[in-house]
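Please read the following points with the sequence and the model side by side.

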Amino acid sequence: LRAQAAAQDQRLGRQAEQIHGLEMDRRRLHNLIQELKGNIRVFCRVRPLLPEEEERQKGMEHLHFPPEDNKALVLSRPEESHVGRERRGDVRYDFSFDRVFPPAASQREVFEEIALLVQVRGEPRPPR
């Protein structure tokens, strides 16, 4: 019985060493992936309007989310002349991020995008 217990202890020790080695490999590969993607990532999440904001403004027509590019956000506003109140057209500002989440984006979408950036012990759980 003692011989069996000693053999199991040795096996557990080897498995613990193997798990440690695999965890170190996982961390090294994770860090390598992050370096290749860029260590600093900038995300933009535009929240939906609150009910009182919807009453005060006409929505979000000043924000545009190009459907073909989930990394771009375009802000536009009407340009008025300084002399009168005539409108000259729109002034356009283009912004570029690592990822843009429009107001309709769910918590799950955001989580899926950033889950690989966060190192957690155990399995990360997506929001419900």
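1. Arg99 has a relative accessible area of 15% and is therefore buried, where buried means under 20% relative accessible area, exposed over 50%, and partly exposed in between (1.4 Å probe, protein chains only). Glu113 is partly exposed, with a relative accessible area of 28%, and the side chains of Glu113 and Arg99 meet in a salt bridge at 3.6 Å, N to O. This pair links distant parts of the chain, since Glu113 lies in helix α3 (residues 107-114) and Arg99 in strand β5, 14 residues apart. A salt bridge is a side-chain nitrogen of Lys or Arg within 4 Å of a carboxyl oxygen of Asp or Glu, while helices (H or I, at least four residues) and strands (E, at least two) are DSSP runs, numbered from the N terminus.

2. The model is predicted, so that local features need pLDDT of at least 70 and side-chain atom pairs count only at pLDDT 80 or more, whereas totals for chains, interfaces and linings use all residues. Residues are numbered from 1 along each chain as its sequence is written, and side-chain values use heavy atoms, with hydrogens and water left out.

3. The mean pLDDT of the protein chain (the predictor's confidence in each residue, from 0 to 100) is 83, and 84% of its residues reach 70 or more. Confidence is lowest in helix α2 (residues 51-56), at a mean of 79, and highest in strand β5 (residues 99-101), at 94.

4. Helix α1 covers residues 2-37, and its 36 residues reach 52 Å from the first C-alpha to the last, close to the 52 Å expected at 1.5 Å a residue; the expected span is 1.5 Å times one less than the number of residues. Glu23, His30 and Gln34 are buried in α1, and the helix is followed by Gly38, whose phi is positive, near 115°.

5. The structure holds five salt bridges, and one of them joins Glu23 to Arg26, with the closest N and O atoms 2.8 Å apart. Both residues lie in helix α1, three residues apart, about one turn of the helix. Another salt bridge brings together the side chains of Arg47 and Glu53 (2.9 Å, N to O); Arg47 is partly exposed at 46% relative accessibility, whereas Glu53 is buried at 15%.

6. The largest nonpolar core has five residues, Cys44, Val46, Leu63, Leu73 and Val100, a core being a set of buried Ala, Val, Leu, Ile, Met, Phe, Trp, Tyr and Cys residues joined through side-chain atoms within 4.5 Å.
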